[in-house]
Every structure is written in C-alpha cells, then in structure tokens.
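Please keep the sequence and the structure in view while reading.

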Amino acid sequence: MAKASFARKSLRLMFWVVVAALVLMFSIILLFRFVNPPASAFMLGYQMGDAREPLQHEWVPISEVSEWMALAVIASEDQRFPEHHGVDFKAVHKAVSEYQAGEGLRGASTITQQTAKNLFLWNDRSFVRKAIEAGLALAIDAIWPKQRILEVYLNIAEFGPGIYGVQAASRAYYRIPAGVLSPLQAAHLAAVLPNPNVLSVLSPTPYVQERVAWIEGQMARLSRAGYLAEINAGR
C-alpha cells in the first residue's frame, strides 16, 4: 500500500510539473508575440561555448528589412510557409518515404520549426529534440501571425560564426543596413543558412554559388506569385 501511494504521488507530481512547464512555455511564446526576445538559446550557447568571434546581434523590425531578404529565406528554406501551420506534414512524409527508400535522411524543418529551435532548444538531430521542436512550432504558429514568425526568424538566424540576425549579417558582410539588401545579396545570405559555420558568404564555394543561383530563380517565381502579400497582410 505504501509503495502504491508513493507511486501515485510521484505520478501526480510529474503531471503537475509537466503542466507547469507547458503553461510557462505557452506564456513565454505569448509574451514573445509582442516583446522582442533579448537573445536566443543558440546565442547563449555560443557565448557559453568556445566562441571564436564576438557575438554580433542587432534587432531590426521587419518593416526595416529588405523584402528581398524575406523572400530569399522563404525561397530557400520553406516555400509552403504561408500555407502550413508550423509543421509541413507533406514535406515530413516525403522525407520519411525517401529515407525508407534508401535515400539519405534530409531535413524537412519549416521556418517556424527553425525559429522554435533557435529560440528555445539545442542543436542536434535527435528525435526527442525534433518532437519538442514540432510541438513548439505548432504552438508558435497558433499564437503568432506569419509576419511575426518571419520577423523573429530573421533576427535570430545564424549567418556565420557569432553573427546572428539579418541586420548584423548585412553590416558584417556588406557594410549596409538590412533594409537595402539587393536580391543577390539576400540570396547569398540565405544560401549559407543550412550550415553557417561551414558555408561562407564572402568566400562562396561552387555549392553555395549554385544555391545562390537557384534561390534567385525561386525568388523571381515567388515574387510573381505574390507570396509576401499574404504574410504582410497578417495572415
């Protein structure tokens, strides 16, 4: 009887701990809809680790970011961004099917998932982290408008060692504010996002150059489709 009572108390305690954690995370997500995050988990991890370069970060409202930059990250990272609800289940299903067919496991993360990961989580490829990331992405998409998700993502994404956010990247690489980035410059910045600690904006490899050309082509196609109009309208 004593063991059963202890087990029930332990389960009850675990239940309330989980509920408290969920309420806290929901409250933080709701807060960050209106208040700009002062930092991200990735920024804090960089500062606590063996940082090779000083951290560079400067928040900029999305109204002061070149629309080419917003279009470039959508073209490069998540072309279904205006349509899905934080997780692109079609892309996940396709990635799993390709993996089961013997192809390599590729990422299917949306911009919302990458925002959740960079803001709250750690960098690895475990299924546990991916599951938490997906749950956070669904919550973020339910609470934030698409424009806010894109704004936070552009301000916390890593564009090089210690370079976080599009404003810091624009000043570090081009000596200009993010609001005047050209289509080509935006495509170069978006091209390194898959691995900013290896891929370089200033010394692009043939792989990066191919990505830049592909992103530019996709940007031209998406701009004709009016992708940003839906996002800017707050949908």
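The text below moves from the overall fold to the aromatic pairs, a charged contact and one serine.

**Overall fold**

The model is predicted. The protein contains 11 helices and 3 strands. Along the sequence these elements follow the order α-α-β-α-α-α-α-α-β-β-α-α-α-α. Of the 235 residues in the protein, 42% are buried. Among contacts with a separation of 6 or more, 71% are between residues 24 or more positions apart. The accessible surface of the protein is about 12800 Å², and carbon and sulfur atoms account for 62% of that surface.

**Aromatic pairs**

How many aromatic pairs does the structure hold? There are 2 aromatic pairs, and the table gives their geometry.

| Pair | Arrangement | Centre to centre | Angle between planes |
|---|---|---|---|
| Phe32 and Phe120 | stacked | 6.4 Å | 20 degrees |
| Tyr46 and Tyr164 | edge-to-face | 6.0 Å | 65 degrees |

The pair of Phe32 and Phe120 links distant parts of the chain, with the two residues 88 residues apart. Phe32 belongs to helix α1 (residues 2–34), while Phe120 belongs to helix α5 (residues 111–120). Phe32 has a relative accessible area of 12% and is therefore buried. Phe120, at 21% relative accessibility, counts as partly exposed, because buried means under 20% relative accessible area.

The pair of Tyr46 and Tyr164 also joins distant parts of the chain, here 118 residues apart. Tyr46 is found in helix α2 (residues 41–48), and Tyr164 in strand β3 (residues 163–164). Tyr46 is buried, with a relative accessible area of 13%. Tyr164 likewise counts as buried, at 2% relative accessibility.

**A charge over a ring**

Another aromatic residue, Phe81, takes part in a contact with a charged side chain. The charged end of Lys146 sits over the ring of Phe81, at 4.8 Å from the centre of that ring.

Is Ser170 buried or exposed? Ser170 counts as buried, because its relative accessibility is 0%. This residue lies in helix α8 (residues 166–174). The side chain of Ser170 reaches the backbone oxygen of Val166 at 2.8 Å. Leaving aside residues up to four places away in sequence, Ser170 touches Arg175, Ile176, Pro177, Ala178, Leu181 and Leu189.

Definitions and conventions
Residues are numbered from 1 along each chain as its sequence is written. This is a predicted model: local features need pLDDT of at least 70, side-chain atom pairs count only at pLDDT 80 or more; totals for chains, interfaces and linings use all residues. Side-chain values use heavy atoms; hydrogens and water are left out. Helices (H or I, at least four residues) and strands (E, at least two) are DSSP runs, numbered from the N terminus. Buried means under 20% relative accessible area, exposed over 50%, partly exposed in between (1.4 Å probe, protein chains only). Contact means heavy atoms within 4.5 Å. Accessible areas come from the Shrake-Rupley method with a 1.4 Å probe; for residues, only the protein chains shown count as cover. Rings of Phe, Tyr and Trp (its six-membered ring) pair if their centres lie within 6.5 Å; planes under 30 degrees apart count as stacked, over 60 as edge-to-face and the rest as tilted. A charge sits over a ring if NZ of Lys or CZ of Arg is within 6 Å of the ring centre and within 35 degrees of the ring normal. A polar contact is a pair of N or O atoms within 3.5 Å; within protein, one must be able to donate a hydrogen and the other to accept it, and residues adjacent in sequence count only if both atoms are side-chain atoms.
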